[in-house]
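Please walk through the charged pairs of this protein with the model open beside you.

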Amino acid sequence: MADDYVYRTAITRLEVSDEQRALLEGTISEWKRGCQIATDLAWNCCRAKSDVQSLAYDTLREETGLGSQHAVLATHHAAQAITGCVERRSRGEKTSKPRFTAPTVKYDSRTLTLFDDETVSLSTTEARIRCPLALPEDDGYQWQFLDSERWEVTESTLTADGDDYFLHLGFRRPKSNDQPNTAEDGTVLGVDLGVENIAVTSTARFFSGRELHHTLSEFEETRAGLQRTGTRSAHRTLEQASGRQLRTVRDEMHRVSKGIVTEAVRYECDRIVFEDLTHIRKRTDDAWGHRWAYRKLYQFVEYKAERHGIAVEQVDPADTSKRCGECGFVSDANRPTRERFECRACETGANADYNAAKNIGLRYVRRGQQSSRRTGDGQLALKSGTVTPNSGFTAYPDGFEAEFTDKRRCGTRPPTPSDPA
């Protein structure tokens with residue numbers, strides 16, 4: 001089952017000759033045609049992969065140059081596209097029959113083979129070709145999959161970008177049942193996701209989201225308008241715009257994920273904790289692009305953190321934006337604005353996203369206290385020290401000055417003028 005595996009994607013450019021480029025161009029052209037034929041045949045009658053394959057496979061073999069396995073993959077891709085339309089229609093969105101214009105083609109373990117000499121063999125409509133992978137000389141993230149026997153190649157995507165070809169290599173490995181339970185007495189980094197800030201950590205590192213929000217908002221408007229138009233030209237324009245925008249978002253998510261993991265390593269954290277992403281729809285006004293970006297960010301953090309032995313978890317985000325990270329008081333009135341948190345009970349003031357990041361991390365720490373398998377000595381990483389619900393704040397030994405909101409014991413009253421500084 002899919003849930004029994006962990007999936008990752010590693011993107012690398014291919015080094016291709018003019019002859020190989022021509023074969024790949026022809027394969028992409030036939031792939032798009034095959035997907036369209038399968039969709040046209042199945043649009044009004046079926047959407048399950050097995051049903052679309054039974055209906056369209058023979059036609060694809062007769063009318064296109066696709067090999068047997070690529071014909072199967074094309075019917076499956078068509079089924080996925082039809083299913084996506086049905087699901088969007090069930091949410092009240094206007095949809096029309098998919099048009100396949102993107103310069104891509106799917107591969108699997110039968111049509112793609114990786115070799116130890118850093119080359120890849122790919123099936124085309126005429127013959128298999130073998131191309132070198134243009135891998136980075138330094139410690140690029142691709143090596144953790146290519147050099148490990150734990151990961152196996154699964155469904156991958158070849159994409160043309162001008163004269164360049166990029167292979168989005170899919171990898172999977174079985175989920176581990178013996179993952180180290182380092183957070184029993186370990187350190188947790190809390191991460192809040194938002195719009196004004198893409199992410200904010202409990203160590204007070206902010207990743208601005210203004211530029212990303214602008215990009216995604218423009219994309220959402222363009223996407224909605226083109227979907228309403230519904231013409232073939234509109235679909236083609238949508239595919240082109242989607243590719244550009246999503247590449248921009250993906251690059252930004254790589255940058256932010258690298259920063260989050262760097263923060264976790266710097267503060268010697270054993271866990272990075274996010275809010276449960278199933279709740280993200282309400283937070284982002286049901287914007288598809290934002291939800292996709294946050295899922296990508298989580299995936300990127302997951303595989304980057306794994307290289308450092310850091311696990312990534314999710315917690316229920318209920319009330320984390322309204323709860324005071326100092327005294328625990330929960331109220332809608334604690335959020336006078338989107339950016340500002342002001343507790344009505346203890347009068348603590350803080351950036352709202354930073355307060356939420358601390359609450360997300362503390363929720364995981366408290367969960368550890370309530371588990372019979374844990375000692376309850378987990379701690380939350382802050383900018384200048386750590387905090388636990390029972391023991392309060394402990395400054396780092398290097399003498400960094402703690403912020404006011406980090407000094408007090410979590411869950412106690414605010415200090416009075418007679419309290420020690």
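In this predicted model, Arg172 and Glu152 meet through their side chains in a salt bridge, with N to O at 2.8 Å. This pair links distant parts of the chain.

Leaving out residues up to four places away in sequence, Val6 touches Trp151, Phe171, Arg172, Arg173 and Lys175. Val6 belongs to strand 1 (residues 5-14). Is Val6 buried or exposed? Val6 has 14% relative accessibility, and buried means under 20%, so Val6 counts as buried.

Go back to the charged pairs. Side chains of opposite charge can pair when their charged atoms come close. How many salt bridges does a search of the whole structure find? The search finds 13.

One of them joins Arg21 and Asp18, at 3.0 Å from N to O. Why are Arg21 and Asp18 separated by about one helical turn? They are three residues apart in helix 1 (residues 18-42), which means a separation of about one helical turn. Their accessibilities fall into separate classes. Arg21 is at 17% and therefore counts as buried. Asp18 is at 63% and therefore counts as exposed.

Glu196 forms a salt bridge with Arg210, and their closest N and O atoms are 2.7 Å apart. Here again the pair links distant parts of the chain, 14 residues apart. Glu196 is in the loop between strand 8 (187-193) and strand 9 (197-201), while Arg210 is in helix 5 (residues 210-229). Glu196 counts as partly exposed because its relative accessibility is 23%. Arg210 reaches 59%, so Arg210 counts as exposed. Elsewhere, salt bridges with shared partners join Asp319, Lys322 and Asp332 into one network.

Finish at the surface. Glu25, Asp161, Asp163 and Asp164 gather there in a patch of negative charge. Asp164 lies in strand 7 (residues 164-174). Its relative accessible area is 36%, so Asp164 is partly exposed.

Definitions and conventions. Residues numbered from 1 in each chain as written. Predicted model: local features only at pLDDT ≥ 70, side-chain atom pairs only at ≥ 80, totals over all residues. Heavy atoms only, no water. Helix = DSSP H or I, 4+ residues; strand = E, 2+ residues; numbered from the N terminus. Buried < 20%, exposed > 50% of the residue type's maximum accessible area, 1.4 Å probe, protein only. Contact = heavy atoms within 4.5 Å. Patch = residues over 30% accessible without salt bridge, like charges linked within 9 Å, V, L, I, M, F, W, Y side chains within 5 Å. Areas by Shrake-Rupley, 256 points an atom, 1.4 Å probe, with all protein chains shown as cover. Salt bridge = Lys/Arg side-chain N within 4 Å of Asp/Glu carboxyl O. Lys, Arg positive; Asp, Glu negative; His and termini not counted. Charge placed at Lys NZ, Arg CZ, Asp CG, Glu CD.
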